[in-house]
Each structure stands twice: as structure tokens, then as C-alpha cells.
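Thank you all for coming. I would like to take a few minutes to go through one model with you, moving from single backbone features to the contacts between its parts.

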Amino acid sequence: MGIKKTAAVLLTTVLTAATLAACGGGAGSNSNSASATTENAYKEKYDPPVTISTVWGIDPSLKFKNGESAENNVATKWAKDKFGIDIKSLWSVTDTNGAFATKMRLSMSSGQDMPDVVTIGDTDAQLAQDLIDSGIYSEVGPLFDKYASDTWKAAMAEDPNVWNPYIREGKKMGIPVLDYAYNHDYVLWIRQDWLDKLNMKAPTTMDELEKVMDAFKTKNPDGLSPDKVIPLSIGFKNSMNTWMGDPSWIFGAYGTLPQQWNKSADGTLQYGSIQPGMKQGLSKIKEWFDKGYIPKEAALWDENKTSEPAVAGTAGILPGPYWMSGWPLQDTVKNAPGAVWKPIAIPAGPDGKAMRHGTATTNGVTLINKNMKNPEAFFTYQNYMFDHLANPKADSEFDNGLFKGYDYDLDASGKVMPIDKIPGGYVNSVRYLLVRDGARIPNAQMDALLKLADGAKPETRLERDIANNYGPLTPEAAKVLMSQKDSSYPNMFTGPTTQSMKTKMDYLNKIESQAFNEIIYGKSPVDSFDTFVQTWKSSGGDDVTKEVNDWYSSIQK
Amino acid sequence: MKTLRKTWPFHVMLLPSMIFLLLFSYIPMGGIVMAFQDYKAWRGFTGSEWVGLENFRYLFERQDSIQVIWNTLIIAVLKLIFNLFVPFVFALLLNEIRKVRLQRTIQTMVYLPHFLSWVILGGILIDLLATDGFVNRILSSFGVQPIFFLGDNDWFRFTVIVSDVWKEFGYNTIIFLAALAGINPALYEAAEMDGASRFRQTLHITIPSIVPIAAVVGTLALGNVLNAGFDQIFNLYNPLVYEKGDIIDTFVYRTAILNGEMGFGTAIGLFKSVISMVLILLSYRAAYKWANYRIF
């Protein structure tokens, strides 16, 4: 064997060993955040600086410029200068395929240093619950009461239910990350041009709705043959309670909302899918299915699929969120010239009642480590965000945006330039902040929309943002949405998954969708609903209901 | 000892892959303990509560678990058979085409669907197979009533299997074509000399020559007998066909992955692995006994 060959073999071995070593080491002993600060009360600026350690799950689409990174960028420098807060990263990871949650779980189980402050998004809700149960994070209720600013407290008070998922034995264990309210509430989008040509009014009751759907189908104004028209585009492959193409309001007209926990007359929580109103709703949908008002393949259609006939110009009504006039409905005119979509309210049932599912006003939770030296520093930072970023007045520091040269820039004359003209490119630097999206006040967006809907000129940053970036009919749709504010019923169960849910809920969901779909498709009689309810209760549904109510009464205290 | 002195560089060359195997295949097997625990990430293997066979009990206690296992078996076995049989026959037919260019073109065209993801194909199939879709319009021109391929319990498995075979048969043909190319041409020349017709040649030379390969492919595929194809089913199924279409993997996805029940997920994974191992061992014996072929 030649010397060359031996060398090659050795080299390979060495390289492999090196790779393995690199894999093994790396993680671990880098931190020890004990900076020599004494007990610090809340301050506007800390001197000497204090440290907040955190970890980052970086959205793959988030960009960095000027050689910056999640660890060290314009936002961390700003925090240091402004508040004397050193934001220290323990680690960061590009968050694809749940990488952030995985890394978080791993560092939790391998006993590594846990961050002082971490924000967990709703997509990782289970992780957030597990972290709370791990006992690493501290109670936040007293801290929040002591340090949070009035703006923040007011925003949090808009919906008292936001704390519910994070309460353990009456203690608030995590600060909910607020999001805009009513984001997933829906209206009905209807082809106004069809209504006009038929000389009909927008339907306000189920009966009127049926007449409109029948006219859309049999006397289609665009001359489509009846079998080509889908008067009402809904789909329920995934759930009867969803966002685009949602059918839940049909049950709402009969007093219940499926697939969520509603408050009953006696104050307990009850599961919507087993209430008597479902039976009426199902027979109504079945009737519509038989008459061809809804898609024949509705059982196979997911949310995005329901928008296809709408965009193609063959659907008359599409339920969905208020922002849909931008995406997807904007493209309809390309396929059906003259198409005009208008938002209308959810029609009322026989006894005048309308219900739609509501939206949770949170999209995650911020946890504070038990061992954090200066928890008040986090509030210094976040209070400022609520006071100056969430809904800034016209002269605030963040009036034009967050960081000049990142998410906005000014031209020579001091005017805001279009974001694609920013030197070096636009970056969404809000994502550099300690808490995702900086700070949002739930009602701020709807308030701004309503103001615009009344014809006011956009003045604040939020208003300008909405006017520029949302579909043209968004303010109008928001107005429709808010006119039915009292018909919005969010899921009242927001606690951690209960023991029976873990083992029983999937089976219960399965028999539920099976029973409902079979009724709609005429494979079982409508009366089989009663059998379904019995099976649901005896197969664990009663246990789940009991646990849900135990949780609900535990947070009432 | 003498040989070792001569061959040690080769052993060293093997070392990296052995280390990798150990590191990424054997050591992680320790994670199997999760199947017997109520696994909580922050407590780790040592701290999580032992629950014995509780996780397995959940699997068999559910009213629909027998149905789900049964669905998995039926769909997987039928896929296995047709994914062996169709490419086999197709390879034989393709081999008879004497124009190389045509043969190559057909070969490329039939294996292209393999590269489409089920997410995309799922969307296409839902449109094509709709009750007023392309396929049903063709059928109705022959006077057939529209068939609800994806929403009818009687048709769902058929649709799943046919679409899977359509997607994969071109790709699976490649192995058989390679085996066909390896047959000694002298055999055919001799047969021709003896006056054998093409059909006779196929029957007595071609088929016996590639049966061992078919045995290998079949045996290896048996390991997948509890994998009915998550991607495909997940994109095509819907509540109307749960009865015939819900399989172990979609079930695991909903219960274990969505709810973070790692212990339960591991238990099902272990259950599947054990069955697969038994089947592989059996088929290994069978292949040795009847096809006189040793794989390992």
C-alpha cells in the first residue's frame, strides 16, 4: 500500500473525528449571567447596565443587513443606549419545522441555562404549557401589577380572558402577548354586482339568504349554467370551525358554535358540537347540499380551496376574515370582469340570533425566569414599546417606523420613501425586538379601521399602515364586522390540554366529523345526530366536559 | 492476525461509518424507553414517570384502533403487491421495445410523477376526481354515473392504491430494467438457435432471471407493511372516508405529534418496528427457501 493511500485514509479518519468532536461540544458552558448588579428597582435607564438573557427562533424570511445578526443588531444597540439593557443571546436558531421548540425542549431536558425572558408563539402552545409546568419560570402577576405601564395594563384589560391559559392555581405564570382583536372573526363576502343585476338586497336572515343563493344559481347574472355556480363556497375537510370558507355561522343561527367550548346559561362550559342547535344546522346544510348551494366536494375542501371558485368568479358568497378584499378576492376581476365583492353581516336565524366564532387576542406568551436578576428591566423595555410603538401619536419617536434605514427611511427632503427604495433593502426590524411584533393593543387596529371607514384621513402610523397595505374594502369590512361585535363568541376553553383530552379528544373529533359529514352527504339520517351525541358522551366526552369545567372554575377564583 | 496486518487500512476506512451508525442508529434506540413512560421533555428519560404498557393500552383501547390497523394493513399490502407486479410486467413489456429512443422516452415519462410531492398531487387529484371533474366527465360519456372517488368508502382505497401505483410504478421499473440488462445475451442466442419464440424466451429466460430481484424488492418492501403512505393519505382523506382510510400514521400525527405525546408516538413506532422486523425475518426465510436467494 502506497504512502499516498495511507495518508488519505488517515486524513479521512481525522476529519471525521474532528466533525464528531464539533458535534459533541459546542452547546453548553458559555453563559453564567451573573453581572454584579445590586437589587435594582424599576428605572427608565439602568446604570450600570443590566442584562436580560433570551433565545431567538428566527423566522427564515427575516433578513439582516450591515453584517448584523439576531444577537447583535440595531435593536439590541438601541436597547443598550436607551435603557442600559444588555440583551444577551444564549442561542438562536432558524425556526423551520419547529426547530425553535425542539431546541427549547432539548435545552430544558439537558439542564442548560434557560433564558431570563422568552416569548413562545401560539404555534408552540404546548411547549409554553410544558415550560410553565417545568417550574423554571416565575409567577408574573405581581410583577405585572407592579411594573407594567398604564397603556399596557389598559391593553391587557380589554379582554380579561387572555390570562386564562397561563393561570396555575390562581397564579398568573406568563404574560400573554397581545394581538389585534377580531383578526379571525369573519363576515360574508358577497358578489354585489350579482345582487345588483338581480335587483336583490343583501340577505339579513337565513330565509333571504336562501332566496339569494337560489337566484345566484338558477338565474345567474353572468349567464353561468346552474351546475357551474357555487352560491356559497364553504369547506369542512379540517373543521367546521375555521377561517376562510367557514360554516360555523350556519350553526350559529341555531344557537351553537361547533368545535369550541361555549358558555351555557348556567355559567358552565359546554361543547358546541353536541348541542341541539347542531341538528338544525346540519339539516340546513344537508338541504343546501342537496339543492347544490354548497360545493359537492365540500367534505374534501380545505380553507384555501374554498377561495378558488370565488376567485374564478363562479362563487357567490364566501365567508372569511375582514381583510380578504386584499388577498385573495382582489384577483377575481381578472377572471370575471366587473366582479364586485362586498362584505355583509352574518345572517340571523329563525329567532333573530346570529353567532360567529371569535378570535383570541393573544398570539403567544412571554415567560420570565425565576432566577432573573432584574425582572423590572423587561418592563422598562416593554412599557416603552406599549407607550411609543403600539399606537404612536403623530409626533412619537416611532412615527415613521421603528429604525431608520431598516424598516423605513427618509429621502433628502425628509419624506418617507417607499420601502423598496430603502438603501440596502427593507428589513422587518420589529422582529428584532424582545417580544414578537413589539407591542400590539388589541382594539387599536379596529379603532383605526373604523376611523378610516368613516372617511377620516390616515394620521397615525397604524392608520397609514392599514390604508397603504390592506385591501381597499378592509375598513368597510371592519365596520360590518364590528356592527356584529356582540355575536362574536371566542372559544372559552384556553387552558392546557386535560388528561382525558390527550387520550380521548382525537377519537371524539373523529366520530364527530364522521357523523356530521355522513349526515350532510345523506349517508345517515339527520336523526343519527342523537346517536352521535350519546356516543360522544359515553366515549369520554363527559370526562372531558368535567375536566374543562374544573379548569374553568379554577380560573374564576 | 496476518490478514489483519494487511487489511487494517480498510478497517480504519470503515470506522467512520461504524461510528456514525452507532451514534445515529444504535444509541438513539435508547429513546425506546419513552414508549414505557409518560415522557416529559424537561424531566428527561430518567425523571419521567414510568407507566409500563399504558401507552400501548391506549392504542388498543380506542374503539377504532382495530379498524385503523386493519386499514393500514389492507392499503399497505395491496400497494405492496401492485407496486411489485405492475413494474415487473411493465419492465417486461418495455424490454420488448426494440427502438431504444422510444424505450427511453417512455421510461422517462412514466417515472416523472415520482418526483411530484403528494401535497401538489393531492390538490390535482381532488380536482381531477371531482364529481364534475375530468375523470367523471370521461366516464359519463360512457354512460357511467358520476363516482365520488375520494368521498366514498367503497372507492377510497381503490383510488389511493391506483394513484400510488401510477405515481411510483415508473420509478420502480428502473430496478427491473437494470436486472433485465444484466441477463446474459448468450442465453437468448442459444434459445433462438433452438427455435424458441419470443414468448417462450420471455417465459423461460427473462422471467426466471429477474425473479430473484423481484424477491429482494418484495422482501425489502415488506418492512414497510405498516406504512400505508402518510403523505398520500393525509392529503387525500377526509371525514367521509375515515372508516376505510384512516391509517396508523395519520392517527399518530393527530394524537402524538399535534398533542406532543411523545411517549405514545414512540410506543406506536415501536409496535410498527417489531411487526416489520418479524415480517422481514419471515420473508428472508421464504426468499431463501423458495427463490433460493440470500439477501444478507
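**Backbone features, domains and the chain interface**

Let me begin with Pro48(A), which sits in the loop that runs between α1 (3-24) and β1 (50-58) of chain A. This is a predicted model, and in it the peptide bond that joins Asp47(A) to Pro48(A) is cis, with omega at about 5 degrees. A cis peptide bond also joins Trp327(A) and Pro328(A), where omega is about 0 degrees, and Pro328(A) belongs to the loop between β11 (315-321) and α12 (332-335) of chain A.

In Gln259(A), which is not a glycine, phi is near 60 degrees; the residue lies in the loop between α9 (248-252) and β9 (261-263) of chain A, and because its relative accessibility is 25%, it counts as partly exposed. Asp437(A), again not a glycine, has a positive phi of about 65 degrees and is placed in the loop between α13 (375-388) and α14 of chain A. Is Asp437(A) buried or exposed? With a relative accessible area of 15%, Asp437(A) is buried, since the cut-off for that class is under 20%.

Next, a helix and one of its partners. Helix α16 of chain A, residues 474-483, has seven of its ten residues buried, and it is therefore largely enclosed by the rest of the structure. The buried residues of α16(A) are Thr474(A), Pro475(A), Ala477(A), Ala478(A), Val480(A), Leu481(A) and Met482(A). What covers these buried residues of α16(A)? The cover includes β7 (186-191), β12, β13 (356-357) and α14 (444-453) of chain A.

Strand β12, residues 341-344 of chain A, is where we find Pro343(A), a residue that is buried at a relative accessible area of 6%. Leaving aside neighbours within four places in sequence, Pro343(A) is in contact with Val187(A), Leu188(A) and Trp189(A), and also with Glu476(A), Ala477(A) and Val480(A).

Gly52(B) lies in the loop between β2 (49-50) and α3 (54-61) of chain B, and with a relative accessible area of 34% it is partly exposed. Apart from neighbours within four places in sequence, Gly52(B) is in contact with Ala35(B) and Phe36(B). The C-alpha atoms of Gly52(B) and Ala286(B), 234 residues apart along the chain, are separated by 35 Å.

Now to the domains. The domain assignment divides chain A into domain 1, covering 37-178 + 360-440, and domain 2, covering 186-357 + 490-556. The centres of domain 1 and domain 2 of chain A, taken over C-alpha atoms, are separated by 37 Å. Seven residues of domain 1 of chain A touch seven residues of domain 2 of chain A, and the area buried between these two domains is about 630 Å², with 54% of it given by carbon and sulfur atoms. Across this domain interface there are zero salt bridges and one residue pair in polar contact. On the side of domain 1 of chain A, the elements that give two or more residues are α4 (125-133) and β4 (167-168) of chain A, and by class this side has two nonpolar, four polar and one charged residues.

Finally, the interface between the chains. How many residues does the contact take from chain B and from chain A? It takes 43 residues from chain B and 36 residues from chain A, and the area buried between the two chains is about 3500 Å², of which carbon and sulfur atoms give 63%. The count between chain B and chain A is four salt bridges, one of them joining the side chains of Asp246(B) and Lys510(A) at 2.6 Å, N to O. Nine residue pairs are in polar contact across the interface of chain B and chain A. On the side of chain B, the elements that give two or more residues include α1 (2-26), α4 (65-96) and α13 (248-259) of chain B, and α1(B) gives the most, with eight residues. By class, that side of chain B has 23 nonpolar, ten polar and ten charged residues.

Conventions: Residues are numbered from 1 along each chain as its sequence is written. Chains are lettered from A and ligands numbered from 1 in the order in which they are written. This is a predicted model: local features need pLDDT of at least 70, side-chain atom pairs count only at pLDDT 80 or more; totals for chains, interfaces and linings use all residues. Side-chain values use heavy atoms; hydrogens and water are left out. Domain bounds come from an automatic or database domain assignment. Contact means heavy atoms within 4.5 Å. Buried area is the accessible area (1.4 Å probe) that two parts lose on being put together, summed over both. A polar contact is a pair of N or O atoms within 3.5 Å; within protein, one must be able to donate a hydrogen and the other to accept it, and residues adjacent in sequence count only if both atoms are side-chain atoms. Helices (H or I, at least four residues) and strands (E, at least two) are DSSP runs, numbered from the N terminus. Ala, Val, Leu, Ile, Met, Phe, Trp, Tyr, Cys and Pro count as nonpolar, Asp, Glu, Lys and Arg as charged, and the others, Gly among them, as polar. Buried means under 20% relative accessible area, exposed over 50%, partly exposed in between (1.4 Å probe, protein chains only).
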